[in-house]
Amino acid sequence: MFETGSLIVYGNSGICRVEGVSMKPQLEGGGQAMYYTLTPVFGSGTVYTPVDTKVFMRPVISGEEARDLIRRMPEIEPGCCDGTDQRTLAEHYRGLLHTYQCESLVKIIKAVYQKGRQAAARGKKLGKTDQQFMKRAEELLYEELSLALEMPKDKVKDHILQTLEPAAQ
């Protein structure tokens, strides 16, 4: 169970702060159940979810885990998809997103970046599906890294590039 004040990844909602844990009445069957009150860190609103929900939840990675991930980024293989139709591509990316792991987000970003370079070399643009999933993967990754590294979200991409630049030379 997560404590009040914990930062967690809550499914596709992204990073949330646990504002409280309390008993709430159940609509079906009566009785009460333990609920988290969550506030999205990079969004608005409030989420009330049972402690035993089926929605994926995990703690935000630590600063050391974030630094290790960034160091390993050059070694992480892109999550390429051999399928050419948009449904297969979306299912592939969705599968990676739904692991809720930072490494999977890096795989999406690297795959789409690689496809973008190949498309540009042929005078083409990336497809809408690739663009949408890359944007979502970047949002989720940069949000988590910004909290783990205690830096503004808009500085994370530059930090990654600066960290990896010496390794690329």
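Student: Which residue in the turn of the E1 and E2 hairpin has a positive phi?
Tutor: This is a predicted model, in which local features need pLDDT of at least 70, side-chain atom pairs count only at pLDDT 80 or more, and totals for chains, interfaces and linings use all residues. Residues are numbered from 1 along each chain as its sequence is written, and side-chain values use heavy atoms, with hydrogens and water left out. Strands (E, at least two residues) and helices (H or I, at least four) are DSSP runs numbered from the N terminus. E1 and E2 form a hairpin with 3 residues between them, and the turn residue with a positive phi, about 45°, is Gly11.

Student: How many bridges join E1 to E2?
Tutor: Strands pair if DSSP finds at least two bridges between them. Here Leu7 has Arg17 of E2 as its bridge partner. E1 and strand E2 (residues 14-25) run antiparallel, and the number of bridges joining them is 4.

Student: Good! In E3, what is the bridge partner of Val18?
Tutor: Strands E2 and E3 also form a hairpin, with 6 residues between them, and Gly29 in the turn has a positive phi of about 80°. Their pairing is antiparallel, over 9 bridges. Within E3, the partner of Val18 is Leu38.

Student: Is Lys54 buried or exposed?
Tutor: Look in the loop between E4 and E5, where Lys54 is found. Buried means under 20% relative accessible area, exposed over 50% and partly exposed in between, using a 1.4 Å probe and protein chains only. The value for Lys54 is 83%, so this residue counts as exposed.

Student: Why is the pair of Phe2 and Tyr36 called tilted?
Tutor: A search of the whole structure finds 3 aromatic pairs. Rings of Phe, Tyr and Trp (its six-membered ring) pair if their centres lie within 6.5 Å; planes under 30 degrees apart count as stacked, over 60 as edge-to-face, and the rest as tilted. Phe2 and Tyr36 have ring centres 5.9 Å apart, and the pair is tilted because the planes are at 50°.

Student: What is the angle between the planes of Phe56 and Tyr100?
Tutor: These two rings form a stacked pair, with centres 4.7 Å apart. Phe56 is in the loop between E4 and E5, while Tyr100 is in the loop between H2 and H3, 44 residues apart. Phe56 is partly exposed at 27%, whereas Tyr100 is buried at 17%. The angle between their planes is 10°.

Student: Which residue lies over the face of Phe42?
Tutor: A charge sits over a ring if NZ of Lys or CZ of Arg is within 6 Å of the ring centre and within 35 degrees of the ring normal. At 5.4 Å from the ring centre of Phe42, the residue is Lys153.

Student: At what angle do H2 and H3 pack?
Tutor: Axes are lines fitted to C-alpha atoms, for helices over the stretch in contact, and angles run from 0 to 180 degrees between N-to-C directions. Helix H2 (residues 86-97) and helix H3 (residues 102-121) have axes 8 Å apart, and their angle is about 145°.

Student: Last one: what is the relative accessible area of Glu138?
Tutor: Glu138 is in helix H4 (residues 128-148). Leaving aside neighbours within four places in sequence, Glu138 is in contact (heavy atoms within 4.5 Å) with Ile109, Glu143 and Lys157. Glu138 is buried, and its relative accessible area is 17%.
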